[in-house]
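Work through the following exercises with the model at hand, and compare each step of the solutions with what you find in the coordinates.

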Amino acid sequence: MLERLNQAMEHIERHLDRPVEVSDLARIGMTSEYHFRRLFSALAGMPLSEYVRRRRLTVAGAEVLAGERTLLEIAVRCGYGSGEAFARAFRAMHGVGPGEARRSGASLRSQPRMSFRLVVEGSSSMRYRVVEKDAFRIVGRKARVPLVHEGMNPAIVAFIRGLGQETRQRIEDLSDQEPEGIVSVSDDLDESRAEGTGLDYYYGVVTGAAVPADMDALNVPAGTWAVFESSGPFPQTLQYLWRDVFTQWFPSNPYRSRPGPEILRTRPSQDGAHADAELWIPVERTTV
């Protein structure tokens, strides 16, 4: 898998002067577009689109300083429709406009080319199981919140506190199948998964029961799920679990992620410092 990812990185380098299609990268990686975006983001620590943008502007910076092409020619080669749009993007990355950089020979920022390699640590194992699950629904309350990669999500904390104890208990009483009890569900995420982009957050339960009139519901079709277990400091261990699933488990197993909600069942300790977690990720077997 890592070899195919590195071939996709080479494809990006050869196409910095033209559109880079995710479908082509997924074909090279022999996986789906959805899974390629997820895997790249987890491995690289940034969305695919952001990496391509930074690489283009890194190459553009070198061409601006070289002075062999006009600024408009460089802008067009980088895919910008106007010199103004190119100048704004250039300044956002380099802290200086392209004209000023050319005149003064300013110091510019650089996004290095990425390649991926396997680092064998072998000090811990990941507990998981694969489950075939019939169609079900998530029932509870929903809010649109920004994505936070590390630390507590203030929008989610405020949303849950605002529900009130009575409402939270009514939701919990609807649970009738695994994962049992209250779950946190993330759905309809921006494909970039960039910090601050939105997602639908459900505070709810997995159930086959009827939906109360004052509750929100998300219908989930039948499918295959990979279920991961983790214990440790809260909330860092839970957030690291998502990262480890995509950087360690997927490259080593014959599965890829598929579109669908991600379900987290958390059981915090009495003091809230630690938690046991169960993460459900929708998956499908690969054919290669």
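**Exercise 1.** Determine with which side chain the side chain of E278 makes a polar contact, and state whether E278 is buried or exposed.

*Solution.* The side chain of E278 makes a polar contact with the side chain of R129, at 3.4 Å; a polar contact is a pair of N or O atoms within 3.5 Å, where within protein one must be able to donate a hydrogen and the other to accept it, and where residues adjacent in sequence count only if both atoms are side-chain atoms. This is a predicted model, in which local features need pLDDT of at least 70 and side-chain atom pairs count only at pLDDT 80 or more, while totals for chains, interfaces and linings use all residues. Residues are numbered from 1 along each chain as its sequence is written, and side-chain values use heavy atoms, with hydrogens and water left out.

E278 counts as buried because its relative accessible area is 13%, the classes being buried under 20%, exposed over 50% and partly exposed in between, with a 1.4 Å probe and protein chains only. Leaving out residues up to four places away in sequence, E278 touches R129, P179, V227, F228, E229, I263, L264 and R265, contact meaning heavy atoms within 4.5 Å.

**Exercise 2.** Locate Q111 and explain why Q111 counts as buried.

*Solution.* Q111 sits in the loop between α7 (98–104) and β1 (127–133), and Q111 counts as buried because its relative accessibility is 8%. Its side chain makes a polar contact with the side chain of R54 at 3.5 Å. Once neighbours within four places in sequence are set aside, the residues in contact with Q111 are M46, Y51, R54, R55, T58 and M93.

**Exercise 3.** Describe the largest pocket: what volume does it hold, and which element gives the largest share of its lining?

*Solution.* The space in the largest pocket comes to about 1500 Å³. Its lining has 46 residues, of which V148, L238, Q239, W242 and L264 are the closest to its centre. The elements that give two or more residues to this lining include α3 (33–44), β4 (198–207) and β8 (262–268), and the largest share, six residues, comes from α10.

**Exercise 4.** Find the loop that holds S82 and the backbone nitrogen that its side chain reaches.

*Solution.* S82 is found between α5 (71–77) and α6 (83–94), and its side chain reaches the backbone nitrogen of A85 at 3.1 Å. With a relative accessible area of 24%, S82 is partly exposed. S82 and L72, 10 residues apart in sequence, are 7.4 Å apart in space, C-alpha to C-alpha.

Conventions
Helix = DSSP H or I, 4+ residues; strand = E, 2+ residues; numbered from the N terminus. 1 Å grid on protein atoms, 1.4 Å probe; cavity = no way out; pocket = protein on both sides within 12 Å on 5 of 7 lines; lining within 4 Å. Points joined across faces, edges and corners; volume = space filled by probe spheres on them.
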